[in-house]
Amino acid sequence: MTFTKKYFAWIVLASVAIGLLWPMPGMYIKPYNAVILMVMMFFSCLKIDLRELKKVKSDWWRYLVILSFSFIWPVLVAYLARGFFDKDVFVGLIIAAAVPSAVSVVFMSDLLGGEPTKALVATTLAHLVSPIVTPFLVWLTTRTVIDVSFLDLFLLIAKLVLIPFALAQIVRWFKWHEALAKQSQLANTGLLFFLNWGIVAPASALFFDNPLVVLWASVVVIIIILGVIPADIWFGRTRKEDITWAIVNTYKNVGLASVIILSILSPVGLLGVIGYILVSNLAIVGLQWWAGRSG
């Protein structure tokens, strides 16, 4: 087990802590957040073989249920909590809830004893539909408090997700992906560290001025996760599936959410994302403990 695999969640939490306590270097990273995210997406998508999508045929409805767990339940809970937050925080929380799972759920599934192939198919489908589903859910739930352009969100997500995805598939076609993919896990862990630093830094002062906002956002995320993990475990047919679906629906692509938020909102919108990062990574630590005990 490599160091980055074993301590991934703690590395992410450390990056958040550094962003909060030493924000100035992170402010220099912030302008490059979108570029860092696209490079991470490229590295992650090198492992995506579109032929794996053939496996959806036999279990298509199961993946549809998993996608509903991933998109609809988190957005519903965040929407019901709208009265507890200011406009930007609420919209930021909705965006974080409406983005797909992170591509890193694939190696997390491998690490925790799940089924990485099924995690790969689930997150691939989630990212392919995200340019339509995410803007629609954001527009549907926030149009009364903010003027959200469906087309602008679609184009932004398409750029951040589909361009790296397409480039990775071209690299795979030329058979250049194997050497790059070997370094992708280490590279993405390092890139994620700096991405989180650049994400959290702009909200550092706001975090310390509004700790209760982050606390309440964290409570909302806890409710989301406490709802989705038991549903995933109930829906899974084996322990491996239980672990896989729980990871897929716990670990969101908060990097994507943060880039979107900083494109349309003030840094205040990141307070909800910080809550999502903290709770989801602690949940991954808990899932790692549970998977080890139930193995």
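These legends go with close-up views of a predicted model.

**View 1. Phe-84 stacks on Trp-216.** A search through the whole structure turns up 13 aromatic pairs, and here's one of them. The ring centres of Phe-84 and Trp-216 are 5.8 Å apart and the planes meet at 25°, so this counts as a stacked pair. Phe-84 comes from the loop between α5 (56–80) and α6 (87–98), while Trp-216 belongs to helix α13 (residues 211–235), so the contact ties together parts that sit 132 residues apart in sequence. As for solvent, Phe-84 is exposed, at 60% relative accessible area, and Trp-216 is partly exposed, at 43%.

View 2. In general, an α-helix has 3.6 residues a turn, so residues three or four places apart point the same way. Trp-197 is buried, at 9% relative accessibility, whereas Phe-194 is partly exposed, at 41%.

**View 3. Two arginines sit over aromatic rings.** Look for Arg-62 first: its charged end is over the ring of Phe-235, 4.1 Å from the ring centre. Arg-143 does likewise with Trp-139, its charged end sitting over that ring at 4.8 Å from the centre.

**View 4. Arg-237 and Asp-59 bridge a loop and a helix.** The structure has five salt bridges, and this view picks out the one between the side chains of Arg-237 and Asp-59, at 3.1 Å from N to O. Arg-237 is in the loop between α13 and α14 (239–250) and Asp-59 is in helix α5, so the bridge ties together parts 178 residues apart in sequence. Asp-59 is buried, at 18% relative accessibility, but Arg-237 is partly exposed, at 47%.

View 5. One is Glu-241, with the closest N and O atoms 2.5 Å apart. Lys-118 lies in helix α8 (residues 116–142) and Glu-241 in helix α14, so the pair links parts 123 residues apart in sequence. Follow the shared partners and you get one salt-bridge network holding Asp-59, Arg-62, Glu-115, Lys-118, Arg-237 and Glu-241.

**View 6. The largest cavity is lined by 28 residues.** There are two cavities of 30 Å³ or more in the structure, and the largest holds about 400 Å³ of space. Among its 28 lining residues, Met-40, Ser-44, Val-103, Ser-104 and Asn-188 lie nearest the centre. Helix α11 gives the largest share of the lining, seven residues. Helices α2 (8–21), α4 (33–45), α7 (105–112), α11, α15 and α16 (270–294) each supply at least two. By class, the lining has 16 nonpolar, ten polar and two charged residues.

**View 7. Helix α15 is largely enclosed.** Eight of the eleven residues of α15 (residues 254–264) are buried, so the rest of the structure largely encloses this helix. The buried ones are Val-254, Gly-255, Leu-256, Ala-257, Ser-258, Val-259, Ile-260 and Ile-261.

How values were computed:
Residues numbered from 1 in each chain as written. Predicted model: local features only at pLDDT ≥ 70, side-chain atom pairs only at ≥ 80, totals over all residues. Heavy atoms only, no water. Phe/Tyr/Trp six-rings, centres within 6.5 Å; stacked < 30°, edge-to-face > 60°. Helix = DSSP H or I, 4+ residues; strand = E, 2+ residues; numbered from the N terminus. Buried < 20%, exposed > 50% of the residue type's maximum accessible area, 1.4 Å probe, protein only. Lys NZ or Arg CZ within 6 Å of the ring centre and 35° of its normal. 1 Å grid on protein atoms, 1.4 Å probe; cavity = no way out; pocket = protein on both sides within 12 Å on 5 of 7 lines; lining within 4 Å. Points joined across faces, edges and corners; volume = space filled by probe spheres on them. Nonpolar A, V, L, I, M, F, W, Y, C, P; charged D, E, K, R; others polar. Salt bridge = Lys/Arg side-chain N within 4 Å of Asp/Glu carboxyl O.
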